[in-house]
Amino acid sequence: MAKIALISDSHGYIDEKVLSYLQDVDEIWHAGDIGDIHLGQVLPKDKKLRIITGNIDGLEMRGEYPDELLFELEGLKVFMVHIGGKPPRYAKGVKEKIRKYGAGLFVCGHSHICKVEFDPSLNCLYMNPGAIGQQGFHVMRTLLLFEVQDEKIQNLRVVELGKRGGNSLSF
């Protein structure tokens, strides 16, 4: 079993509240729009990081992190890309990649809207954790915590981090 924290759209912002939720997981996944290359220095060092870039991330970050990831965890194929749309209206080419890769979990960010939905047409679970950062139109900052075991997602919960505003921990 693997415990996962899924975050996105930090836009150069992270605070102690977010970091507190990252302590008791095995892996931290960031679905893009990192906003600052130093994010990797702020995240807990003892966790496996799976980080992709988003549309605001510059060349330095694109040199450090890929723009998409495909990996397998506990038998579950996971595909991550920042701009993914949502069921049934995925971004261009995303639906085809989900099918091609046989992904059972599709993760994206970009919208700043926390949403989890099963897409029966692809036999795939869609996850967008919303945004942990201060930039954007979202009101509530959110992340997702869940476990992966035997190809299944379990114990999924949405964590509301509070409204935008407050003190930041700069990286």
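Start with Arg141. Its relative accessibility is 2%, so Arg141 counts as buried, the cut-off being under 20%. The model is a predicted one, and this value, like the others on the tour, is computed from it.

The side chains of Arg141 and Asp15 form a salt bridge, with 2.9 Å from N to O. Arg141 is in strand S11, while Asp15 is in the loop between S1 and helix H1 (16–21); the two are 126 residues apart, and the pair links distant parts of the chain. Asp15 also counts as buried, because its relative accessibility is 9%.

**The five-stranded sheet**

Stay with S11 and show the strands around it. Which order do the five strands of the open sheet follow? The order is S3-S2-S1-S11-S12, and the pairing is mixed. At the edges are strand S3 (48–52) and strand S12 (152–163), each of which pairs on one side only. Averaged over the sheet and with direction ignored, neighbouring strands are turned by 20° against each other.

Select residues 2–7 and 140–149, which are strands S1 and S11. These two strands are antiparallel and pair over five bridges.

**Other salt bridges**

The structure holds five salt bridges. Side chains of opposite charge can pair when their charged atoms come close.

Select Lys47 and Asp46, whose side chains form a salt bridge at 3.6 Å, N to O.

Next select Lys97 and Glu68, whose salt bridge has an N to O distance of 2.9 Å. Lys97 lies in helix H4 (residues 94–101) and Glu68 in strand S4 (residues 68–73), so the pair ties together parts 29 residues apart in sequence. Lys97 is partly exposed, with a relative accessible area of 31%. Glu68 counts as partly exposed too, at 23% relative accessibility.

**A charge over a ring**

Select Arg50 and Phe71. The charged end of Arg50 sits over the ring of Phe71, at 3.9 Å from the ring centre.

**The S9–S10 hairpin**

Move to residues 114–119 and 124–129, strands S9 and S10, which run antiparallel and are joined by six bridges. Within this pairing, Phe118 stands opposite Leu125 in S10. The two strands form a hairpin with four residues between them. Pick Asn123 in the turn, where phi is positive, at about 50°.

How many aromatic pairs does a search of the whole structure find? The search finds six. In one of them, Phe106 and Tyr126 are tilted, with 6.1 Å from centre to centre and 45° between the planes. Phe106 lies in strand S8 (residues 105–107) and Tyr126 in strand S10, so this pair ties together parts 20 residues apart in sequence. Both residues, Phe106 and Tyr126, are buried.

Technical notes:
Residues are numbered from 1 along each chain as its sequence is written. This is a predicted model: local features need pLDDT of at least 70, side-chain atom pairs count only at pLDDT 80 or more; totals for chains, interfaces and linings use all residues. Side-chain values use heavy atoms; hydrogens and water are left out. Two strands pair if DSSP finds at least two bridges between them. Axes are lines fitted to C-alpha atoms, for helices over the stretch in contact, and angles run from 0 to 180 degrees between N-to-C directions. A salt bridge is a side-chain nitrogen of Lys or Arg within 4 Å of a carboxyl oxygen of Asp or Glu. Buried means under 20% relative accessible area, exposed over 50%, partly exposed in between (1.4 Å probe, protein chains only). Rings of Phe, Tyr and Trp (its six-membered ring) pair if their centres lie within 6.5 Å; planes under 30 degrees apart count as stacked, over 60 as edge-to-face and the rest as tilted. A charge sits over a ring if NZ of Lys or CZ of Arg is within 6 Å of the ring centre and within 35 degrees of the ring normal.
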